[in-house]
Amino acid sequence: MRFNRRQLLKSVGMVVATGDIAGAGQVRPSAVEKREEQRSLDLSEFQPKSMLHVTETRVERSRFPVIDIHTHLSKIVGNQGGVSVGEGMAYNALPSELLTVMDRRNVHILVNLTGGWGAGLQETIAKYQQINPGRFLVFTTPAWEHSNKPDYPQFQARQIERAKDAGAYGLKIEKILGLYLRENIGAGPLVKVDDPRFDPMWDTCGTLHMPVAIHVSDPEAFFLPIDRFNERFEELNNHPDWSFHGRDFPSNAELLAARNRVFERHPQTIFIVLHVGNNAENLAYVAECLDRFPNMYVDIAARIGELGRQPRTARKFFDKHQDRILFGTDAVPHRKTTPQQIFGDELYEIYYRFLETDDEYFDYAPSPTPPQGRWCIYGLELPEIILKKVYYENAARILGFEIKA
Ligand SMILES: [Zn+2]
């Protein structure tokens with residue numbers, strides 16, 4: 001039967017009318033009464049329990065030994081406007097406490113990215129790397145407070161050489177370039193990621209085979225207004241200073257483009273782009289960058305929440321780029337109630353479950369509320385050959401040593 005427009009509207013109208021007539025005999029609450037029946041609930045108190053009856057696999061130990069390329073066992077104490085300054089260090093956990101967790105979770109090596117520079121770096125290396133050779137590796141960080149001095153390019157390159165001599169394995173660039181570092185570490189303009197003053201630093205890392213672990217930009221939602229449409233509303237509402245919306249901040253795309261120019265200009269330097277290339281929401285873009293820049297690698301730290309909510313896309317990404325993906329957690333150890341409960345312990349189990357199982361719809365972080373957004377993740381069930389590469393082979397190759405499985 002074919003309807004013209006008028007007939008169609010008429011028939012739709014009839015359906016609505018029929019529905020109305022069917023309910024006419026019942027007493028219905030008015031709109032006002034309905035509103036009174038509804039409870040209001042603060043979003044922060046909403047803790048829904050999934051009613052899904054699905055497999056829950058516990059993976060207490062990884063199938064292969066792990067190199068965690070991304071941890072923060074120490075940090076520079078001094079801070080000026082979000083930029084770490086000085087050589088004074090603070091330590092988040094003792095090696096003995098960490099080794100307990102590492103042995104239980106099959107983690108062979110922790111890479112401590114934030115090792116500081118100068119005297120601070122030497123102290124960090126002595127505390128972790130020298131006492132426990134082969135279990136802790138330390139990266140150095142730039143001396144940002146010198147970045148406005150005329151001889152900074154040469155000074156920074158020299159510091160990298162000194163760091164190498166002291167035993168540092170690589171360089172870490174914190175989320176400072178393009179977003180926090182300003183001229184004179186003050187109210188001046190933001191310093192760009194591809195500012196030429198850093199060229200000797202990137203080149204020296206290439207010459208000395210020190211990989212650069214680099215954090216540029218942040219989730220796309222951090223560049224949008226903190227409103228009801230923002231998928232990371234709770235996280236940003238808890239940490240409004242994490243937002244890069246407005247003011248004189250560059251756009252996410254500008255930051256990534258500047259970062260890419262650095263990769264292009266320094267093809268001999270290896271860059272481990274932390275947090276899945278800082279664009280885990282857009283794996284097609286990250287894949288395109290990996291294809292363009294053979295010196296680019298990524299870690300998965302603090303982004304299994306993103307990878308695991310797009311498991312089919314993520315699985316293809318792992319298949320295609322299996323030689324360029326590194327295991328990392330971004331663990332910042334701190335003591336809870338007992339030394340055994342150091343942060344990282346539960347975290348490793350979740351990462352292993354994500355990589356190794358085909359479990360469905362589980363939390364991507366140990367805390368009761370998902371910290372990055374209200375969703376759950378799905379396991380990738382990676383084959384052994386990819387697991388080996390991601391857990392340790394790729395990292396070992398970049399760091400220049402062998403590890404026995
Ligand atoms: Zn980190």
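Tutor: Helices here are DSSP runs of H or I with at least four residues, strands are runs of E with at least two, and both are numbered from the N terminus. This is a predicted model, in which local features need pLDDT of at least 70 and side-chain atom pairs count only at pLDDT 80 or more, while totals for chains, interfaces and linings use all residues. Residues are numbered from 1 along each chain as its sequence is written, and side-chain values use heavy atoms, with hydrogens and water left out.

Student: At what angle do helix 8 and helix 10 cross?

Tutor: They cross at roughly 20°, and their axes come within 11 Å. Axes are lines fitted to C-alpha atoms, for helices over the stretch in contact, and angles run from 0 to 180 degrees between N-to-C directions.

Student: Which residues in helix 8 and helix 10 meet?

Tutor: Leu256, Arg259, Asn260 and Glu264 from helix 8 meet Tyr285, Cys289 and Arg292 from helix 10. Contact means heavy atoms within 4.5 Å. By class, the contact of helix 8 with helix 10 has three nonpolar residues, one polar and three charged. Ala, Val, Leu, Ile, Met, Phe, Trp, Tyr, Cys and Pro count as nonpolar, Asp, Glu, Lys and Arg as charged, and the others, Gly among them, as polar.

Student: What about helix 3 and helix 13, at what angle do they pack?

Tutor: Helix 3 (residues 95–105) and helix 13 (residues 345–356) pack at about 25°, with axes 10 Å apart. That makes helix 3 roughly parallel to helix 13. Val101, Arg104 and Arg105 in helix 3 meet Asp345, Tyr348, Glu349 and Tyr352 in helix 13. This contact of helix 3 with helix 13 has three nonpolar, no polar and four charged residues.

Student: New topic. Which residues coordinate the zinc ion?

Tutor: His70 (NE2), His72 (NE2) and Asp330 (OD) coordinate the zinc ion at 2.1 to 2.2 Å. Donors are N, O and S atoms within 2.8 Å of the metal (3.2 Å for Na, K and Ca), and water is not among the atoms, so sites may look incomplete.

Student: Where do His70 and Asp330 lie?

Tutor: His70 is in strand 1 (residues 66–71) and Asp330 is in the loop between strand 10 (325–326) and helix 13, so the pair ties together parts that are 260 residues apart in sequence.

Student: Is His70 buried or exposed?

Tutor: His70 counts as buried, at 1% relative accessibility. Buried means under 20% relative accessible area, exposed over 50% and partly exposed in between, with a 1.4 Å probe and protein chains only. Asp330, at 22%, counts as partly exposed. Asp330 also has a positive phi of about 70° although it is not a glycine.

Student: And what does Phe244 touch?

Tutor: Leaving out residues up to four places away in sequence, Phe244 touches Lys175, Leu179, Tyr180, Asp218, Phe222, Phe223 and Phe249. Phe244 lies in the loop between helix 7 (233–238) and helix 8 (252–265), and at 3% relative accessibility it counts as buried.

Student: Last one. Where does Asn394 lie?

Tutor: Asn394 is in helix 14 (residues 384–399). At 0% relative accessibility, Asn394 counts as buried.

Conventions. Parallel < 35°, antiparallel > 145°, perpendicular 65-115°, else oblique.
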